[in-house]
Amino acid sequence: MSRIETDSLGQVEVPDLAYWGAQTQRSLINFAIGKERMPLAVLHALALIKKAAARVNNRNGDLPADIARLVEQAADEVLDGQHDDQFPLVVWQTGSGTQSNMNVNEVIAGRANELAGQGRGGKVPVHPNDHVNRSQSSNDCFPTAMHIAAVKAVQQHLLPSIVELSSGLAELATRHQHLVKTGRTHMMDATPITFGQEMSAFVAQLDYAEHAIRNALPAACELAQGGTAVGTGLNSPHGFAEAMAAELAALSGLPFVTAPNKFAALAGHEPLTTLSGALKTLAVTLMKLANDLRLLGSGPRAGLAEVRLPANEPGSSIMPGKVNPTQCEALSMIACQVMGNDVAVGFAASQGHLQLNVFKPVIIHNLLQSIELLADGCSNFQTHCIAGLEPDPEKMARHLEQGLMLVTALNPHIGYDKAAEIAKKAYAEGSTLREAALALGYLTDAEFDAWVRPESMLEAGKNG
């Protein structure tokens, strides 16, 4: 069953069960591209904008109270997730997000008209353009929705997940702060560190990434709303931009303000590019974490095997008993995707031509995917890897004893050249550093004990 809806191009047949109107239906026909739906976070943000606009327009005397109440009631239902199935449009549409903005306008109007007893859809008593979209255009609504969706996702999901993972690693570092092991540089044996020190690096790296993300948020909280079509604010009343930012801040509980320059807010997307770059920084840290634990857990008998990774599932369909570092693999794939998303965001953000960037949907699609993947990835890695990870002190001690770079402790006492000679002799003969040093006659047994002490090689000024 269907009904007839109209727009400026004429009549369109729309399913009876749909709240949307002609413009949404045309987009469904004209952009049958891929399966990537416009993120619900963006659509809910647009609904929040419509709710705020109804309030501001009513206060300004530009929207009758009864119409404003209907718009707000329908918008609240959208925000509550009651009509998520009414947003079928894909990311691959007009670059300003016009079709998705109209999709939200039509759904809110269609539901408001039903609430008013006029049947589903239509334009009476609530018109999608004249009432729901009043004092707005897609060119300022959509970038505003992009910022709202991104900031909300970072604040509510990503930052708590980073803290969760960082806290888990900090606990691991504290618990094993005195567990001495071999350090490695260039993938080769180096001087000793503790396992706690090794894990503390990731805590610091996560803290850096978290700060980078937090530092990117103030600019992302600046909203384009009120710029309308080209940044001049035409068709919005004086003070509308500031009133909308204040209303959106009150409704969301987030510190939104109006962007100081609406021309830049419509034509450029530097704030979201910066945020994407900060997400990439986090991805870089997570890749390092995943790869290091994958190396440290390699084995269990023919690798380093210095840590025991949780066995979450069988690792092979042909090799019985094999367990793989699957959590590390998943996290590193997330990091790859986020780095790729950042490239796409950068390219898209560079395509602002004259008064508008028309790559907005692909920017927010990639940005929100990165935020979601990173948030889920951090939380999942903490739960299924870090929380159950344990070091193997015996294997660490064995590697430490067999390592050659403990000879570095001898540098201040016998010099670099003699110390290097000891290391080369021990390696060539398969002997210990002690045996090589004594054979060369460069020090006594007691001196070796006094000078080569791994626990004294863990910070500046402690060796010898």
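These legends describe close-up views of cavities and a strand pair in a predicted model.

**View 1. Cavities in the predicted model.** The count comes to two cavities of 30 Å³ or more. The largest cavity holds about 50 Å³ of space. The second largest cavity holds about 30 Å³.

**View 2. Lining of the largest cavity.** The residues around this space are Leu309, Pro310, Asn312, Asn324, Pro325, Thr326, Gln327, Cys328, His384 and Cys385. Helix α11 (residues 326–349) gives the most to this lining, with three residues. By class, five lining residues are nonpolar and five are polar.

**View 3. Lining of the second largest cavity.** Thr182, Asp189, Ala190 and Pro192 line this cavity, together with Leu400, Gly403, Leu404, Met405 and Leu406. Strand β4 (residues 188–194) supplies the largest share, three residues. Six of the lining residues are nonpolar, two are polar and one is charged.

**View 4. The β3 and β4 pair.** Strand β3 (residues 180–185) runs antiparallel to β4. Five bridges join the two strands. Lys181 stands opposite Ile193 in β4. Strand β4 also gives three residues to the lining of the second largest cavity.

**View 5. The turn of the β3 and β4 hairpin.** Two residues lie between the strands of this hairpin. In the hairpin, His186 takes a positive phi near 55°.

Methods. Residues are numbered from 1 along each chain as its sequence is written. This is a predicted model: local features need pLDDT of at least 70, side-chain atom pairs count only at pLDDT 80 or more; totals for chains, interfaces and linings use all residues. Side-chain values use heavy atoms; hydrogens and water are left out. On a 1 Å grid over the protein atoms alone, a cavity is a set of points where a 1.4 Å probe fits but cannot get out, and a pocket is an open set with protein on both sides within 12 Å along at least five of seven lines; lining residues have an atom within 4 Å of a point. Grid points are joined across faces, edges and corners, and a volume is the space filled by probe spheres set on the points. Helices (H or I, at least four residues) and strands (E, at least two) are DSSP runs, numbered from the N terminus. Ala, Val, Leu, Ile, Met, Phe, Trp, Tyr, Cys and Pro count as nonpolar, Asp, Glu, Lys and Arg as charged, and the others, Gly among them, as polar. Two strands pair if DSSP finds at least two bridges between them.
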